[in-house]
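Hi there,

Here is the structure I promised to pass on to you. Have a look at it first, and then read my notes below.

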Amino acid sequence: MDIEPVSRKRLSATCAFDRCGRITGWLIKAVAWTLVAAAVSAPLAEAAGNASAKPASSHKVDALFAQLEMADAVVEGARSAQHLVYVFFDANCFYCHLTWKALQPYEKAGLQVRWVPVAYQQPSSVGRAAAIMQAPDRVAALHTNETRYDASKFDGGITPLANVPKALAARLRANTELMRAFGAPGTPLMVWKSEGEVRFKVGVPRLSELPAITGLPAQRIDDPELAEFR
């Protein structure tokens with residue numbers, strides 16, 4: 001990854017890191033938001049970018065999936081978990097917002113999505129995650145956050161909770177650690193099972209990948225914000 005163009009665009013590249021010899025990345029910071037960019041080696045890039053690929057270290061991933069099944073989440077979509085996808089999301093994450101939009105037609109077609117909150121992108125991320133998780137109707141709260149999302153500021157649409165319970169803050173940190181244990185440098189991270197095997201995808205999925213990820217027929221998606229992901 002060439003860092004020079006980044007610095008010329010008033011972004012700062014800091015904190016070079018290595019993930020198990022497979023990913024070299026940089027923390028890219030701008031005003032009011034943080035993006036983790038990663039240069040990924042070919043084998044892992046193929047696994048992360050291909051809906052039919054299986055991640056490496058399957059035994060470890062199976063153990064992580066068992067932890068994921070126990071995570072507190074916003075359960076959206078179908079009541080049945082026959083077609084199920086987990087998504088790690090930050091309430092301020094623009095690409096999580098796009099993933100939420102892309103999955104809405106599939107939820108209407110029978111997909112259940114369990115949105116697992118993390119909070120790392122902005123200081124308000126913890127308060128927004130807490131506002132969603134503490135709401136009497138979590139699905140409605142998530143809907144508010146996404147339908148009122150402010151892309152100009154990379155801000156979720158729900159008002160952050162001022163006083164976050166310590167236990168909830170601890171769960172958010174645990175979720176973030178679990179996401180990173182899967183090898184994901186940031187959100188969104190989609191995790192699901194196909195033919196009994198754990199699969200994952202980091203980033204907004206291509207719309208053409210969604211039938212394989214969800215196990216459902218392709219759904220019509222006309223949202224102009226998602227046009228580049230066709």
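**Salt bridges**

Asp 72 is partly exposed, at 29% relative accessibility (buried means under 20% relative accessible area, exposed over 50%, and partly exposed in between, with a 1.4 Å probe and protein chains only). Before we go on, please keep in mind that this is a predicted model, where local features need pLDDT of at least 70 and side-chain atom pairs count only at pLDDT 80 or more, while totals for chains, interfaces and linings use all residues. Residues are numbered from 1 along each chain as its sequence is written, and side-chain values use heavy atoms, with hydrogens and water left out.

What does Asp 72 pair with? Its salt-bridge partner is Arg 138, and their closest N and O atoms are 2.8 Å apart (a salt bridge is a side-chain nitrogen of Lys or Arg within 4 Å of a carboxyl oxygen of Asp or Glu). Asp 72 sits in the loop between α3 (58-69) and β4 (74-77), and Arg 138 in helix α6 (residues 138-147), so the pair ties together parts that are 66 residues apart in sequence. Helices (H or I, at least four residues) and strands (E, at least two) are DSSP runs, numbered from the N terminus. Arg 138 is partly exposed too, with a relative accessible area of 24%. Asp 72 and Arg 138 also belong to a salt-bridge network with Arg 171.

Now find Lys 101, which forms a salt bridge with Glu 225, with the closest N and O atoms 2.6 Å apart. Lys 101 lies in helix α4 and Glu 225 in the segment after α8, so this pair ties together parts 124 residues apart in sequence. Lys 101 also forms a salt bridge with Asp 223, at 2.8 Å between the closest N and O atoms.

In total, the structure holds 8 salt bridges.

Happy exploring!
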